[in-house]
Amino acid sequence: MFSPTIFSMRFAWFFVLFISFWPWEKDQNQVKKSSFEIPQDVQLLKVVRVALFYEEPKIVIHAPSSYEVKEFPGNKTLVQGQASADLAIRPEASGIQLDGTVYPISGLRITSQSKEVQVAGKKYHNAIQVLKNPAGSLTIINEVDVEDYLKGVLPWEANPQWPVEALKAQAVVSRTYALFKNIENKDFSFTLGSDVGSQVYKGKSIEHSLSNQAVEKTSGEILTYHGKIFPTFFHSTCGGRTTRADTQWKIHEHPSLKGVECPFCQGSKYFSWKTEFSASEIQKLLAKKGHSISGLHDIVPKDVDISGRPHSFTIKHSGGSLVLPANDLRLALGPDQMRSTMIQVEKKGETFIFWGHGWGHGVGMCQFGAKRLAELGYKHQDILRYYFPDSEIRDLDEFPQAAAHTSASTQSKGNVFNRWYQGVKSYVEDL
Ligand SMILES: [Zn+2]
């Protein structure tokens, strides 16, 4: 069980950074797709690959019962153990060392009879993959059914004490988002991170009976638009109106991601907020992101959208002016300080006062709004249709089922992996 204080701290973290740091959003100039067809192989789609650690010099993995280690990709058995064990794994120039023996492999996969594996003291469902990175370190991936994955997401991404219909809405949103990423990133070694860059995932150790119920009661439900899956973004508090995804990131316009009025999150303590920065503080923080300016004298919101969020800010200084995308300014100043881009700026001497609304990017479902709607008696279907207009809940089992597969069919691709790995490196540096 968790105390409310701990919850509020945990709960506070994810939505601030959620999506903002996702490496490809930043590194790729291409406009990303906002919808995908549901693949034929729905069973394969339901297995998500979540990176737990990116650059480990070594790792010890605990198998709590009899276990098997196989080469990955590939299916050759390396070790079969008849009892619980701690498996010490480290990269070597010629392969991977497992309990003192070096195998000429680039990856391995561990399962145990109890269908649970432990990494760094935390329990995870199903299987763990360990892959050797091009730079020689290890990436640790949990290969897990999406329903089990969600049970390790919801206690962090929502408060299990909230009304059940709000939790159910969160379960559908988190499931849809994860499966969208599973399609989008299917050629990469893993499809999701386990931190604020995607959705925070802590595995089996943090499961809670109330959030588990919300996952089970909505099992298989995803949001679709005209039969296609789309990225169901969410955030803490919109501050009065949600906004368009395509004005926040390089993503195609989508009819269900255009923003709606939301008077329902007024109970959130972040509905309105105020924060202050000195001019020198802002200059220092901008310099850390490569923008060296001096004599800062004004910050002006530019191209303000219907929700009140600007696309960018003009930073006026003694050497001229700098135009920064709104989200870049937020990340530079600290997303826990500048909680959203919906701000008005007041200057008093050398102090800049930000009068703001909401917490998070403002796209998709407003969680405090969803909570209020659930308190007012609305069902999760109503809440989702409200925040994602014209969307439809579909059950994954309605879609055609392809033949059974083996996990070894999820081959990692070297060159693509390198690309992902580079993205991860810049991501880690940003944090
Ligand atoms: Zn709201």
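A helix crossing is left-handed if the near helix is turned anticlockwise from the far one by less than a right angle, and right-handed if clockwise. By that rule α6 and α11 cross in a right-handed way. The model is predicted: local features need pLDDT of at least 70, side-chain atom pairs count only at pLDDT 80 or more, and totals for chains, interfaces and linings use all residues. Residues are numbered from 1 along each chain as its sequence is written.

**Helix packing around α6**

- Helices here are DSSP runs (H or I, at least four residues), numbered from the N terminus.
- The axes of α6 and α11 are 7 Å apart, and the packing angle is about 135°; axes are lines fitted to C-alpha atoms over the stretch in contact, and angles run from 0 to 180 degrees between N-to-C directions.
- α6 and α11 are therefore oblique to each other, given that angles under 35 degrees count as roughly parallel, over 145 as roughly antiparallel, 65 to 115 as roughly perpendicular and the rest as oblique.
- Glu165, Ala166 and Ala169 of α6 meet Ala370, Lys371 and Ala374 of α11; a contact requires C-beta atoms, placed from the backbone, within 7 Å.
- With helix α12 (residues 380-387), α6 crosses at roughly 55°, the axes coming within 8 Å.
- This pair is therefore also oblique, and α6 passes α12 in a right-handed crossing.
- On the α6 side the contact with α12 uses Glu165, Lys168, Ala169 and Val172, and on the α12 side His380, Ile383 and Leu384.

**Nonpolar cores**

- A nonpolar core is a set of buried Ala, Val, Leu, Ile, Met, Phe, Trp, Tyr and Cys residues joined through C-beta atoms within 7 Å.
- A residue is buried if 20 or more other C-beta atoms lie within 10 Å of its own, exposed if 12 or fewer, and partly exposed in between.
- The largest core has 84 residues, and Val50, Ile61, Ile110, Ile128, Tyr149 and Ile383 touch the most other members.
- Helix α6 (residues 164-184) gives the largest share of this core, 10 residues.
- Domain 1 (1-48 + 146-235 + 242-253 + 362-401) and domain 2 (58-136) both contribute residues, so the core lies between them; the bounds come from an automatic or database domain assignment.
- Another core, of 12 residues, lies apart from it and includes Ile315, Met338, Met342 and Ile343.

**Phenylalanine 368**

- Phenylalanine 368 sits in helix α11 (residues 367-375).
- Phenylalanine 368 is buried, with 27 other C-beta atoms within 10 Å.

Terms used
Helix = DSSP H or I, 4+ residues; strand = E, 2+ residues; numbered from the N terminus. Contact = placed C-beta atoms within 7 Å.
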